[in-house]
Amino acid sequence: MNKYLSAPFAKGLLLTLGIAVVAKYISTFPFFSIMGQLVIAILIGMILRALFSVPDAWHTGISFSSKKLLRLGIILLGMRLNLADIYHAGASVFLIAFINLVFALFVVYGLTRMFHVDKKLGILTACGTAICGAAAVVAIAPQIKANEKETAVGAAIVAILGTVFTLVYTLLYSLIDLTPAQYGVFSGGTLHEIAHVIAAAAAGGNEAVDMAIIVKLTRVALLVPVAIVIGIWYRRSEKGQEKGAFSASIIPWFIVGFLVMSAINSTGIVPQAVAEMMVNIAYILIGMAMAGLGLNVEIKTFKQLGGKAFAAGLIGSVCLSVLGYILVVLFQ
């Protein structure tokens, strides 16, 4: 019998769907909205793994969620991005987002190497901090052939960091001398998940939220070239890889799909209600993937792999916040 038609496969798939739906519901409550449904999904998965024994046969469905459905979710997530909004925001906004992203990539990855963190986990932590949190981690993972444990730990690290910094930003808003628009650029240019950006920027009102989303989505758009560059760099850095070698596999088809969906959304031919529905479906699919990742990692594995990577991400995030503030003061 085809494994995709078996009862255990269906049960594993339904388990991840159930976790994703529960995570979405929990994320509607105060405080949990800051964490976001993707963070909650991976944490629920890890908790279930720690408390209960999931039958091995179910893991075909769980793995399908964490790999196949993940890619479909990332493609559909492109409907959230309108390239025209980024264009109209101006060159200074793009420049701030670009500088922040490159700075975070190099600083966080450099710190992980200094702290002797596994290379793949270091790359994932850096990308999650620099681009768009857990979604960036799971998008970059196939490019460097990271396993499910490394991917889950990387996603959990940036998710927790983002939640902590969201709370800090909310408390600091009344103390830092920024206009709502400037605060929006600051939040969107430095925080991890889109959920974190929206939650933190809310302290500055609608103007801050609108600007924060544009800046954040500018960073999300840069996921495409970053994924391709990292794929090329990683393969060339591996032993036995010829310096000039290039393969079509370096270009992640699902990332290209993300960009195509963004381009379609930017034309305005898709009604806003339909686009929003597709984005909601994307988050459910990515939530199922996060649940699958959580179900495949033990809490003790997070402790073993994540301690030094978390420290690197924390220091890097502080540096990114400082740089982001300086850039906003200079360019806004």
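Buried denotes under 20% relative accessible area, exposed over 50% and partly exposed in between, with a 1.4 Å probe and protein chains only. The model is predicted, so that local features need pLDDT of at least 70 and side-chain atom pairs pLDDT 80 or more, while totals for chains, interfaces and linings use all residues. Residues are numbered from 1 along each chain as its sequence is written, and side-chain values use heavy atoms, without hydrogens and water.

**View 1. Buried residues of helix 6.** Helices are DSSP runs of H or I with at least four residues, and strands are runs of E with at least two, numbered from the N terminus. The buried residues of helix 6 include Val93, Ile96, Ala97, Asn100, Leu101, Ala104, Leu105 and Val108. An α-helix has 3.6 residues a turn, so residues three or four places apart point the same way.

**View 2. Cover and length of helix 6.** Among the elements that cover its buried residues are helix 5 (83-89), helix 7 (119-132), helix 12 (206-221) and helix 16 (299-331).

View 3. His116, which follows helix 6, has a positive phi, near 60°.

**View 4. Setting in the chain.** The protein chain holds 16 helices and zero strands. Of its 332 residues, 52% count as buried. Its C-alpha atoms fill a box of roughly 60 × 45 × 40 Å, taken along the principal axes.

How values were computed. Contact means heavy atoms within 4.5 Å.
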